[in-house]
Amino acid sequence: MRFLTVYQRLFRAYGPQYWWPGETPFEVIVGAVLTQNTAWSNVEKALANLKAAEVLDAERIIALSPQRLAHWLTPSGYFNIKAQRLRNLCAWYLSQGAFQQLRRWHTKRLRKALLSVNGVGFETADDILLYAFKRPVFVIDAYTRRIFARLGLVDHTAPYEHLRQLFQETLTEGQGATSRQRQVALYNEYHALIVIHGKEICRQRPRCAQCCLRARCPARSEYF
DNA sequence: ACCCAGGGTCATA
DNA sequence: TATGACCATGGG
């Protein structure tokens, strides 16, 4: 199938990415919120602030005043909103017994609970599920929509869940990944490669009207 | 100076 | 269900 072909080409072009950049599951969770519509280079600055202040920890984040937390988050943008979202997520996380308890939950239950937290949407939840909890959930982001729409494989306006199911079904049937472990490994590497490739492609100028959706896009030669 | 980034919520129709 | 306003910094 095409979806695996694209993966193989990306892997050959860029090699393994060893995602997610973050040393602990909790750091992955924080990073997933901070990177909402934000360049990762800015997220790194905010994470460095939290580490330097020794508050990269759910209890300590809750203990901070919203203003003080927002101050450390300044470089990642949307700092007031993200301070509130981090707070919401940490409160939920602690109330459920943190990682040691949550890791025992079934994926479906965990996903629904994450999505119920104000400030956690589909992509943030799935980043957390895949990269912090190692669950077989395929992450759909803006790069995924652009790249695969331009390849003619998906409709970039399709709802998130529709695309996620398409990727998961396609990559699980047949060759892709039969065992759960292989699914997690494949989804992990695939999303990382899509992001790396997306950064590369979408930096090109001039951009086509809807970036990577037109046959005339100067980056088209990168594909097939 | 302008454009955008590894989104999500809320109000409105 | 589907748009649109809003959030905000730093790099190209």
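**Reading the labels on chain A**

Mentor: Y93 lies in helix α6, residues 79-95. This is a predicted model in which local features need pLDDT of at least 70 and side-chain atom pairs count only at pLDDT 80 or more, while totals for chains, interfaces and linings use all residues. Residues are numbered from 1 along each chain as its sequence is written, chains are lettered from A and ligands numbered from 1 in the order in which they are written, and side-chain values use heavy atoms, with hydrogens and water left out.

Trainee: What makes a stretch of chain A a helix, and how many helices are there?

Mentor: A helix is a DSSP run of H or I with at least four residues, a strand is a run of E with at least two, and both are numbered from the N terminus. By that rule chain A has twelve helices and zero strands. Along the sequence the pattern therefore reads α-α-α-α-α-α-α-α-α-α-α-α.

Trainee: Why is Y93 called buried?

Mentor: Its relative accessible area is 8%. Buried means under 20%, exposed means over 50%, and partly exposed is in between, with a 1.4 Å probe and protein chains only. The value of 8% is under the 20% limit, so Y93 is buried.

Trainee: Which residues are in contact with Y93?

Mentor: Contact means heavy atoms within 4.5 Å. Leaving aside neighbours within four places in sequence, Y93 is in contact with F26, I29, A58, A98, F99 and L102. N37 is 56 residues from Y93 along the chain, and their C-alpha atoms are separated by 23 Å.

Trainee: What makes T124 buried?

Mentor: T124, in helix α9, has 7% relative accessibility, which is under 20%, so T124 counts as buried. Not counting residues up to four places away in sequence, T124 touches A32, V33 and Q36.

Trainee: Why is K134 only partly exposed, while Y18 is exposed?

Mentor: K134 has 47% relative accessibility, between the two limits, so K134 counts as partly exposed. Y18 has 68%, over 50%, and therefore counts as exposed. K134 is in the loop between α9 (122-132) and α10 (142-150), and Y18 is in the loop between α1 and α2.

Trainee: What is noted about phi in Y18 and K134?

Mentor: Phi of Y18 is near 55°, a positive value in a residue other than glycine. For K134, phi is also near 55°, again positive in a residue other than glycine.

Trainee: How do you know that the peptide bond joining W19 and W20 is cis?

Mentor: Omega is about 0° for that bond. W20 lies in the loop between α1 (2-14) and α2 (25-34).

Trainee: Why are S65 and T5 called partly exposed?

Mentor: S65 has 32% relative accessibility and T5 has 28%; both values fall between the limits, so both residues count as partly exposed. S65 is in the loop between α4 (58-63) and α5, whereas T5 is in helix α1.

Trainee: What makes α3 oblique to α5?

Mentor: Two packed helices are described by the angle between their axes and the distance between the axes. The axes are lines fitted to C-alpha atoms over the stretch in contact, and angles run from 0 to 180 degrees between N-to-C directions. The axes of α3 (40-52) and α5 (66-73) come within 7 Å and cross at roughly 125°. Angles under 35 degrees are roughly parallel, over 145 roughly antiparallel, 65 to 115 roughly perpendicular, and the rest oblique. The crossing angle falls in the rest, so α3 is oblique to α5. A46, N49 and L50 of α3 make the contact with L69, W72 and L73 of α5.

Trainee: How do you know that the span of α11 is close to the expected one?

Mentor: The expected span is 1.5 Å times one less than the number of residues. Helix α11 (160-172) has 13 residues and reaches 18 Å from its first C-alpha to its last, close to the expected 18 Å. Its buried residues are Y160, L163, R164, F167, Q168, T170 and L171.

Trainee: How much of chain A is buried?

Mentor: Buried residues make up 48% of the 224 residues in chain A.
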